[in-house]
Amino acid sequence: MRANLRLCLQFVPIFQGIFMNQTFTVTGMTCGHCEMAVKRAVKQADPQAEITIDRAQNRVSIESTQAREDLAKAIAEEGYEVAA
Ligand SMILES: [Cu+2]
């Protein structure tokens, strides 16, 4: 009984469902269409993501439960360079 409980807890994904604010420096966004493309790409990786873009600062802020590398990959695959 006790062993089963311990086994069970090991498989609970601790960070599932927790939204974290993640900020990326993304270069190559030159206009509003680029912003939309980045937002669309992130939404494909996480439909629940909240995305704020400050194009003048090359800054993309994302509220998401997804892993940072997955979000960065989605943006990079859209054709924009992710610096950090
Ligand atoms: Cu553009």
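Trainee: How many helices and strands are in the chain?
Mentor: The chain has 3 helices and 4 strands. Keep in mind that this is a predicted model.

Trainee: What pattern does the chain follow along the sequence?
Mentor: The pattern reads α-β-α-β-β-α-β.

Trainee: Which residues touch the most other members in the largest nonpolar core?
Mentor: V26, V38, V60 and I75 do, in a core of 14 residues. At least two core residues come from each of strand 1 (20-27), helix 2 (32-45), strand 3 (59-64) and helix 3 (68-77). Helix 3 gives the most, with 4 residues.

Trainee: And V26, what does that touch?
Mentor: Leaving out residues up to four places away in sequence, V26 touches V38, N58, V60, I75, Y80, E81 and V82.

Trainee: Switching to the helices. At what angle do helix 2 and helix 3 pack?
Mentor: The angle is about 135°, and the axes of helix 2 and helix 3 are 9 Å apart. Angles over 145 degrees count as roughly antiparallel and 65 to 115 as roughly perpendicular, so helix 2 is oblique to helix 3.

Trainee: Is that crossing left-handed or right-handed?
Mentor: Helix 2 and helix 3 cross in a right-handed way.

Trainee: Which residues make the contact?
Mentor: Helix 2 uses V38, A41, V42, Q44 and A45, while helix 3 uses D70, L71, A74, I75 and E77. By class, the contact has 7 nonpolar, 1 polar and 2 charged residues.

Trainee: Last one. What percentage of the chain counts as buried?
Mentor: Of the 84 residues, 18% count as buried. On contacts with a separation of 6 or more, 64% are between residues 24 or more positions apart.

Key
Residues are numbered from 1 along each chain as its sequence is written. This is a predicted model: local features need pLDDT of at least 70, side-chain atom pairs count only at pLDDT 80 or more; totals for chains, interfaces and linings use all residues. A nonpolar core is a set of buried Ala, Val, Leu, Ile, Met, Phe, Trp, Tyr and Cys residues joined through C-beta atoms within 7 Å. A residue is buried if 20 or more other C-beta atoms lie within 10 Å of its own, exposed if 12 or fewer, and partly exposed in between; C-beta atoms are placed from the backbone. Two residues are in contact if their C-beta atoms, placed from the backbone, lie within 7 Å. Axes are lines fitted to C-alpha atoms, for helices over the stretch in contact, and angles run from 0 to 180 degrees between N-to-C directions. Angles under 35 degrees count as roughly parallel, over 145 as roughly antiparallel, 65 to 115 as roughly perpendicular and the rest as oblique. A crossing is left-handed if the near helix is turned anticlockwise from the far one by less than a right angle, and right-handed if clockwise. Ala, Val, Leu, Ile, Met, Phe, Trp, Tyr, Cys and Pro count as nonpolar, Asp, Glu, Lys and Arg as charged, and the others, Gly among them, as polar.
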